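Open the model in your viewer and keep the sequence panel beside it. The stops below say what to select and what is there.

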Amino acid sequence: PRARLLSSAQELCAAPSRQHLEPPFLTRYRDGEGQDKHIDSKERPSQRWSKADRASFEANGCQRMVQCLVYLNHVDKRNGGATVFHHEALRGLEVQPEAGS
């Protein structure tokens, strides 16, 4: 399943190779759990970084440009659970989880 997921993500994102993809990460939320508003990104390189750290960052595709979310369960809107995108360009877009979407 992991290889199929990575192949699908690579194709969807038009990534030149899997080297540019992060490993899949699965999070399970139980009733009442979730995340507060946050920014999904990698740490940006600074002048303190060693040449080896910078080379590793660049070899792994640098900054995250795309994030794929897959919802495994349906969440009734009355129970919350929406993914909200706070960037001004997305105008607070909310995505309500539906299994398989």
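Start by colouring the charged side chains: the chain has 15 positive and 13 negative ones, and the centres of the two sets lie 4 Å apart. Lys and Arg count as positive and Asp and Glu as negative, while His and the chain ends are not counted. Each charge is placed at NZ of Lys, CZ of Arg, CG of Asp or CD of Glu.

This is a predicted model, in which local features need pLDDT of at least 70 and side-chain atom pairs count only at pLDDT 80 or more, while totals for chains, interfaces and linings use all residues. Residues are numbered from 1 along each chain as its sequence is written, and side-chain values use heavy atoms, leaving out hydrogens and water.

Switch to the cartoon view. The pattern along the sequence is α-α-β-β, with helices (H or I, at least four residues) and strands (E, at least two) taken as DSSP runs numbered from the N terminus. The C-alpha trace spans about 50 × 30 × 25 Å along its principal axes.

**Select C68**

C68 sits in the loop between α2 (51-59) and β1 (83-84).

Contact means heavy atoms within 4.5 Å. A9 is 59 residues from C68 along the chain, yet their C-alpha atoms are separated by 7.4 Å.

**Select Q96**

Q96 lies in the segment after β2 (94-95). Beyond its neighbours within four places in sequence, Q96 is in contact with residues including V75, D76 and K77. A polar atom of the Q96 side chain lies 3.1 Å from the backbone oxygen of V75.

Methods: A polar contact is a pair of N or O atoms within 3.5 Å; within protein, one must be able to donate a hydrogen and the other to accept it, and residues adjacent in sequence count only if both atoms are side-chain atoms.
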